Amino acid sequence: MKISKIIFFFIFFFNFSSSSYSENSFNYIDIDRAISQSKAGKNLLKELNTIEKNKINFFETKKNELIKEEEIIKQQQNVLSNEEIKKMVSQLKIKVKDYNKSKNNFFKQFIKKKNDELLRFVNLINPIIENYVNENSVDVLFDKKNLFMV
């Protein structure tokens with residue numbers, strides 16, 4: 001009885017399991033390379049880097065000003081009264097808080113802008129990619145950085 005069940009199982013399994021010999025075409029694309037090697041991508045990255053560098057320089061200058069102001073307060077600590085020192089320190093804390101807030105806001109907005117611009121670029125090259133896929137009968141297209149070989 002057990003042997004007949006086992007034989008039935010093997011016959012059933014081998015009859016209904018079919019090997020899939022797929023002739024699908026799988027390709028990959030390196031979007032990062034497309035961005036860094038194309039003229040439009042280079043211009044986009046150059047523009048974004050320029051904006052970032054200018055703001056970093058601005059924030060660095062602002063930071064140095066705040067450090068100088070802190071040093072001035074420390075130098076005047078023995079000369080001025082405690083109330084005046086506390087007032088200057090509280091004003092400095094407000095300036096530092098505003099500095100940090102504006103810096104964080106800029107970088108949040110910059111990351112959003114960078115992502116939007118990169119998405120716009122990908123949408124721009126999407127018709128070219130679609131044309132390539134159609135001409136070369138590609139069934140599946142992977143992004144190179146998300147491709148894992150096992």
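At 33% relative accessibility, S36 counts as partly exposed, a class between buried (under 20% relative accessible area) and exposed (over 50%), with a 1.4 Å probe and protein chains only. This is a predicted model: local features need pLDDT of at least 70, side-chain atom pairs count only at pLDDT 80 or more, and totals for chains, interfaces and linings use all residues. Residues are numbered from 1 along each chain as its sequence is written, and side-chain values use heavy atoms, leaving out hydrogens and water.

S36 sits in helix α2, residues 31-37. Helices here are DSSP runs of H or I with at least four residues, strands are runs of E with at least two, and numbering starts at the N terminus. Leaving aside residues up to four places away in sequence, S36 touches K42 and L45; contact means heavy atoms within 4.5 Å. K46 is 10 residues from S36 in sequence, and their C-alpha atoms are 9.9 Å apart.

Now the helix pair. The axes of α3 (residues 39-75) and α4 (residues 82-135) come within 11 Å and cross at roughly 175°. Axes are lines fitted to C-alpha atoms over the stretch in contact, with angles from 0 to 180 degrees between N-to-C directions. α3 and α4 are therefore roughly antiparallel, the term for angles over 145 degrees.

Finally, the whole chain. The protein chain has four helices and two strands, in the order α-β-α-α-α-β. Of its 150 residues, 13% count as buried. Among contacts between residues at least 6 apart in sequence, 77% join residues at least 24 apart.

Conventions
Angles under 35 degrees count as roughly parallel, over 145 as roughly antiparallel, 65 to 115 as roughly perpendicular and the rest as oblique.
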